[in-house]
Amino acid sequence: MKKINLPVILLKGIVLLPHNELRLEFDNQQSQNILDASEFFHDNKLLVVNQIDILEESNNIADLPRVGVISKISHKMQLPNGNVRITLTGQSRAYVHEYINLSKSFDSLESIVSEVMEINPDITTEPIILKKLYHEFEKHIKVVPYISNSILSGLASVKTLSKMTDIIAPTVSETNERLNEYLMEFDITARTEMVLKDIYEQQEMFKVEKGIEQKVKKSIDNSQKEFFLREKIKIIKEELGDVNTKDDDISKIREKIEKIDAPEKIKKRLNEEINKYETLSNLTPEVNVVRTYIDWLLSLPWNKQTTDNDDLRKVRSTLDASHYGLDKVKERIVEYLAVKKMTNSLKSPIICLVGPPGVGKTSLAYSIASAVERKFTKISVGGIHDECEIIGHRRSYVGASPGRIIQGLKKAGSSNPVFLIDEIDKMTKDIKGDPASCLLSVLDPEQNTMFSDNYIEEDVDLSNVMFVATANYIDDIPEALKDRLEIIKLSGYTEFEKLDIAKKHLLKKICDSHGLELEKLNITDDIILKIIRNYTKEAGVRELERKLATIVRKIVTILVMDNIKMAKINVLEKDLEKYLGKPEYNYSNILEDDKVGVVNGLAYTSFGGDTLPIEVTYFKGDGKLLLTGSLGNVMKESAQLALSYIKANSKLFGIDYEKLIKSDIHIHLPEGAVPKDGPSAGITLTTAIISAFTDLKIDSKLAMTGEITLRGKIIPIGGLKEKSIGAYRAGIKRIIIPEENKRDLDEIPDEVKNNIDYITVTDYKEVFELIKK
């Protein structure tokens with residue numbers, strides 16, 4: 001293998017194969033010096049190296065290709081402008097043993113190379129393959145018109161397969177990467193297969209392109225014919241004085257575009273769409289799609305805003321007049337308006353009201369809009385499982401429309417409304433997507449300045465919208481979404497709060513809607529309290545409103561049917577059964593005499609807080625633990641934990657261990673159809689089991705809540721406020737709570753705290769000492 005020394009020309013984005021020519025022009029002195037130097041190297045020869053990626057910048061010789069083409073300068077011309085134009089003819093492939101960089105620059109490279117020994121086909125098969133390749137390429141030229149016939153005359157005299165493949169390859173290769181593959185292929189038979197493959201692929205591609213061109217030509221011809229006929233019809237109509245409704249429509253749209261208060265990019269998009277609409281035929285389906293899209297862009301309140309009421313005292317008084325309590329929400333709205341007034345620019349808050357049904361979450365959003373004098377719009381996302389409901393459908397779909405956010409803005413007619421998103425905890429997800437994830441960009445103050453709807457396809461600024469979301473269960477809100485919300489928890493009302501709401505709000509509203517003067521209706525506080533206690537069981541006031549409405553309806557019916565006119569209508573206790581039927585709830589059932597094995601627990605349900613009596617009995621068996629009452633896994637584990645703690649400390653509680661392990665213990669929670677779960681009944685379950693085995697009666701006016709560990713430590717629980725309200729409603733006088741929940745007592749209404757004695761504990765031994773007294 002003979003090695004020779006040659007100067008190097010590095011080409012970027014160009015591939016030269018052997019037996020092909022390449023014309024180059026050099027405009028710098030260093031490149032020209034390389035050409036001059038080549039005269040001293042083996043008969044005007046040099047090495048051409050191909051660097052495929054023109055964007056690649058490397059100063060490392062090791063990164064240069066190891067295969068190049070030994071080329072000869074077949075023609076050289078000095079141009080008047082000082083440039084040098086040459087013609088290079090590739091001769092053979094060469095392997096680069098070493099690059100020599102004397103000047104430490106790629107502008108002056110030399111190389112030590114040797115010719116590549118190609119793998120030739122069998123001497124008997126080469127003429128056959130050569131003839132096959134020639135005929136296939138001849139047919140290819142006839143099929144593909146953009147290849148010159150002159151190349152065939154040159155191929156007719158070629159006697160080697162290597163030379164023929166190198167000459168044909170540039171005409172059938174689509175990319176430089178493919179040409180480089182030819183350069184790197186030393187097996188002539190494999191190179192022939194590559195050429196044939198490219199010929200066949202190019203022929204198939206040309207057939208497809210030809211078919212597409214024919215279809216496009218036919219479509220254009222039809223369109224031109226249609227356009228010509230429509231222009232004739234237009235001129236005829238103008239001569240007859242007929243009105244062109246589409247032209248009038250376009251004219252009106254252009255007037256609206258001039259008047260609309262929207263960003264420039266929206267106006268630009270509208271002009272593009274109107275131009276498109278103008279060129280479309282009325283017979284094409286797309287014309288209605290474009291027209292509807294224009295209507296949506298025109299109908300959105302891009303820069304249209306209302307002015308906030310900056311009289312903060314008036315705002316607070318308006319909120320107080322419409323809703324009782326809910327001080328945290330009211331304070332947050334007033335704070336927002338105060339800061340906005342001081343800074344004159346502030347992103348609207350994104351509030352989430354979490355609480356049981358009926359406490360006024362949804363109606364409060366209406367009142368906020370009224371108080372701050374903003375437009376109001378509402379969507380309910382409960383049960384939504386398709387993300388397109390939030391971010392819209394793409395216009396390519398039949399019947400596509402924007403999502404509910406954009407529809408809500410259009411309905412409000414303002415870019416800064418109070419926007420209520422109701423039931424945010426009741427969204428679901430399936431194969432169609434996750435709507436909760438789509439709300440992340442809507443409810444993120446850092447992202448909602450550029451909210452993108454699939455249908456609108458333009459950024460919509462939602463930063464001025466005051467979003468108010470509502471939910472019943474905070475645990476059902478996805479964590480990523482919860483992180484973007486300002487959570488304000490609303491608890492259930494006490495009996496006297498409900499009484500106040502009924503007197504100040506509900507009765508007036510009901511009487512007005514039933515045509516009865518409020519002054520004529522005499523219903524005492526005791527009657528309303530009896531309705532609350534015996535006919536409703538809820539955290540809010542919806543059921544109370546329905547019961548009061550039932551009473552008023554029956555009174556109005558009697559007055560109308562008997563044509564009675566009365567100056568005053570008294571609702572007496574004896575009339576309640578006539579109006580509402582038998583009492584539906586009786587809290588005195590829970591508060592029976594002190595019993596063994598029955599302890600009052602506390603629960604936080606969808607109705608708010610409630611008492612949860614736990615019953616325990618035992619009988620001869622083999623130590624099984626039976627649990628009934630629709631208990632969840634966490635509560636079942638709490639029961640098992642309580643039993644394990646008692647077994648470990650049986651001597652402390654005065655319980656015979658043999659009796660424990662030879663008895664089956666049955667724990668039951670009444671109202672078995674209602675699912676129950678959570679760890680907060682730990683100390684209640686422990687107390688109930690101890691009471692059953694020690695015959696210790698537990699005070700029926702005592703309730704307890706707290707999670708217990710295997711070591712007897714009492715750890716904090718949630719929902720103390722709601723549980724306390726439920727306990728107060730049931731007549732509980734004492735509640736045992738974890739020491740760490742002492743901080744939550746400030747949130748409990750004074751009415752409840754003044755009537756219940758709270759006892760804080762850190763260890764179950766303290767609870768045991770209390771129940772023994």
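Q: Hi! How are H10 and H11 oriented to each other, roughly parallel or roughly antiparallel?
A: H10 and H11 are roughly antiparallel to each other. On that scale, angles under 35 degrees count as roughly parallel, over 145 as roughly antiparallel, 65 to 115 as roughly perpendicular, and the rest as oblique. Before we go on, this is a predicted model, where local features need pLDDT of at least 70 and side-chain atom pairs count only at pLDDT 80 or more, while totals for chains, interfaces and linings use all residues. Residues are numbered from 1 along each chain as its sequence is written, and side-chain values use heavy atoms, with hydrogens and water left out.

Q: Good to know. What angle do the axes of H10 and H11 cross at?
A: Helix H10 (residues 312–322) and helix H11 (residues 327–343) cross at roughly 160°, with axes that come within 10 Å. The axes are lines fitted to C-alpha atoms, for helices over the stretch in contact, and angles run from 0 to 180 degrees between N-to-C directions. Helices (H or I, at least four residues) and strands (E, at least two) are DSSP runs, numbered from the N terminus.

Q: And the hand of the H10 and H11 crossing, left or right?
A: H10 and H11 cross in a right-handed way. A crossing is left-handed if the near helix is turned anticlockwise from the far one by less than a right angle, and right-handed if clockwise.

Q: How does H10 sit against H12?
A: The axes of H10 and helix H12 (residues 361–372) come within 9 Å and cross at roughly 150°. H10 and H12 are therefore roughly antiparallel, and H10 passes H12 in a right-handed crossing.

Q: What about H21 and H24?
A: For helix H21 (residues 633–648) and helix H24 (residues 682–694), the axes come within 9 Å and the crossing angle is roughly 50°, so this pair is oblique. The crossing of H21 and H24 is right-handed.

Q: Which residues around there have a positive phi without being glycine?
A: Ser 630 has a positive phi of about 60°, and Asp 695 has one near 55°. Ser 630 lies in the loop between strand S19 (625–628) and H21, whereas Asp 695 lies in the loop between H24 and strand S21 (697–698).

Q: Is Asp 695 buried or exposed?
A: Asp 695 is exposed, with a relative accessible area of 59%. Ser 630 is partly exposed at 35%. The cut-offs are under 20% relative accessible area for buried and over 50% for exposed, with partly exposed in between (1.4 Å probe, protein chains only).

Q: Switching to aromatics: how many aromatic pairs are there?
A: The count comes to eight aromatic pairs. Rings of Phe, Tyr and Trp (its six-membered ring) pair if their centres lie within 6.5 Å; planes under 30 degrees apart count as stacked, over 60 as edge-to-face and the rest as tilted. One of the pairs is Tyr 293 with Tyr 455, edge-to-face, at 5.8 Å centre to centre and 65° between the planes.

Q: Where do Tyr 293 and Tyr 455 sit in the chain?
A: They link distant parts of the chain, 162 residues apart: Tyr 293 is in helix H9 (residues 286–299), and Tyr 455 is in the loop between strand S10 (451–452) and strand S11 (459–460). Tyr 293 counts as buried, at 0% relative accessibility, and Tyr 455 counts as buried at 3%.

Q: Which charged residue sits over the ring of Tyr 293?
A: Arg 395 does: its charged end sits over the Tyr 293 ring, 3.7 Å from the centre. Likewise, the charged end of Lys 410 sits over the ring of Trp 296, 4.2 Å from its centre. The rule is that NZ of Lys or CZ of Arg is within 6 Å of the ring centre and within 35 degrees of the ring normal.

Q: Which residues form an aromatic cluster?
A: Ring pairs link Tyr 645, Phe 653, Tyr 764 and Phe 768 into a cluster.

Q: Last one: what's the average pLDDT of the chain?
A: The chain averages a pLDDT of 83, and 91% of the residues score at least 70. pLDDT is the predictor's confidence in each residue, from 0 to 100. Where pLDDT is low, the predicted coordinates should not be read in detail.
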